[in-house]
Amino acid sequence: MALLLRFSRSSRYLQPLHQHISLTLSQSISPHPTNPPPPKPSLNHYYSDHRQNHEFYIPNFDNSKFKYFDLIRLGRSCGISTSSHSLRDEEEKAKRDEELKNNKVSSSSSSSVSWIDLYLPEKIRPYAHLARLDKPIGTWLLAWPCMWSITLAASPGNLPDIKMLTLFGCGAFLLRGAGCTINDLLDRDIDTKVERTKSRPIASGALTPFQGVSFLGFQLLLGLGILLQLNNYSRILGASSLLLVFSYPLMKRITFWPQAYLGLTFNWGALLGWSAIRGSLDPAVVLPLYLSGVFWTLVYDTIYAHQDKEDDKLVGVKSTALRFGDSTKKWVTGFGAACICSLALSGFNANLGWPYYVFLTGASGQLAWQIWTVDTSSGADCSRKFVSNKWFGAIVFGGILVGRLSS
């Protein structure tokens, strides 16, 4: 038995097939026990739906007990739609899906446009993106340990050295940019496979590796100019940090603890700031301060790493986010507690006044908030919590400043 449905040429779903659909039902479903030659259908059984401009041809078999409505019921029981409305619904659904897809693409494109693309000359834009000029959070995270240390090294009751604060702020800006350039040069084979990083200048081909190396040389030259403003002890101490800076991008290929190595790198300023003021190091003050920064980095960069954990699995990159998995909050809670305890010990050894501990309580609350409320399955929420760490650094800096002035 055959059921033929013929649509008019106005049905755009079926134009490539010349608007004809043929559906053949096996003879095995026939109510007749035998397989006689099929009866000839009558020629006057048409149904037209002028609203949809569809025309249905329903054959009628005069000698068959298997009637038209039985055929319709059979089709519906088999999951076959015999209504023109189903095609219209499918058409509308496809149109909505296409519009939603276009809106997502448009939204993604607009969100990726920064002030770099709007205001800087076209030739400079790739270099600005390479240095992450539109993402200052990295500079803040690198600068705060320097500011903490410089302020701790100030004489009791006095403000910190403004010149040193300015020099270290500029140094953090340049060194962070240089670190990003080194990272992109060494990770260009990985960045092309990760959704969040595949548009970076070197990975996308906007800059060649040679151009990246040349830009790195320019950044390091400017950084050297700042380093030469410091005393000899600090020059040697500062230059020694380059070993950490250059080797950090390789750690994610070796260990599940690259965030700890980043902590050693990013918080070198906690040592350097004190030596720039005092000309040497006081381990009782600067070592707890340095360790507090390492533990802090383990908190915020583990949260940050959860954005890329699925891509990291695919490309074989390691991180504490993959190491900790569902236990992430327990681990970073421990790191957060160690960070606060280390800050308290450093402040105590530096003889800071009691207001410092009030600010430290506020910093503890900020750190606890981001740890307890972060949704590690949401990349957007992980990014928001990561960026909020600039306020943690600011609260600690405020506490050290007020504590030094009141000591």
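# A walk through the predicted model

According to the annotation "transmembrane region" in an unreviewed UniProt entry, residues 260–277, 283–303 and 331–348 belong to such regions; the positions follow the numbering used here, the feature name is shortened, and an annotation of this kind may be inferred rather than shown by experiment. The model itself is predicted, with local features requiring pLDDT of at least 70 and side-chain atom pairs counted only at pLDDT 80 or more, while totals for chains, interfaces and linings use all residues. Residues are numbered from 1 along each chain as its sequence is written, and side-chain values use heavy atoms, with hydrogens and water left out.

Helix α13 takes in residues 283–305, and its 23 residues should span 33 Å at 1.5 Å a residue, which agrees with the 31 Å between its end C-alpha atoms; the expected span is 1.5 Å times one less than the number of residues. This helix is mostly covered, as 17 of its 23 residues are buried, where buried means under 20% relative accessible area, exposed means over 50%, and partly exposed lies in between (1.4 Å probe, protein chains only).

A nonpolar core is a set of buried Ala, Val, Leu, Ile, Met, Phe, Trp, Tyr and Cys residues joined through side-chain atoms within 4.5 Å, and the largest one here has 64 residues, with W148, L152, F168, W296, L343 and F392 making the most contacts inside it. Leaving aside residues up to four places away in sequence, L343 touches W148, L289, S292, Y356, L360, F392 and V396, a contact being heavy atoms within 4.5 Å.

The aromatic rings give another view of the packing. Rings of Phe, Tyr and Trp (its six-membered ring) pair if their centres lie within 6.5 Å, and planes under 30 degrees apart count as stacked, over 60 as edge-to-face and the rest as tilted; the structure holds 17 aromatic pairs. One of them joins W268 and Y290 edge-to-face, at 6.1 Å centre to centre and with 85° between the planes. This pair links distant parts of the chain, since W268 is in the loop between α11 and α12 (269–278) and Y290 is in helix α13, 22 residues apart, and both W268 and Y290 are buried. The rings of F324 and F335 have centres 6.0 Å apart and planes at 45°, so this pair is tilted. Because F324 lies in helix α15 (residues 320–324) and F335 in helix α16 (residues 328–349), the pair ties together parts that are 11 residues apart in sequence. W148, W296, Y300, Y304, F386 and F392 form one aromatic cluster.

Charged side chains make links of another kind. A salt bridge is a side-chain nitrogen of Lys or Arg within 4 Å of a carboxyl oxygen of Asp or Glu, and the structure holds 11 of them. K252 forms one with D187, the closest N and O atoms being 2.7 Å apart; K252 is in the loop between α10 (232–251) and α11 (258–266), whereas D187 is in the loop between α6 (162–186) and α7 (188–191), 65 residues apart. D187 also forms a salt bridge with R253, at 3.0 Å between the closest N and O atoms. D187 is buried, with a relative accessible area of 1%, and K252 is buried at 16%, whereas R253 is partly exposed at 32%.

A network of salt bridges links R132, D184, D191 and R200, and within it the side chains of D191 and R200 meet at 3.8 Å, N to O. R132 has a further feature, a positive phi of about 55° although it is not a glycine, and this residue is buried, with a relative accessible area of 9%, in the loop between α4 (125–130) and α5 (137–152). N351, also not a glycine, has a positive phi of about 60°; N351 is found in the loop between α16 and α17 (355–373) and is exposed, with a relative accessible area of 57%.

Conventions: Helices (H or I, at least four residues) and strands (E, at least two) are DSSP runs, numbered from the N terminus.
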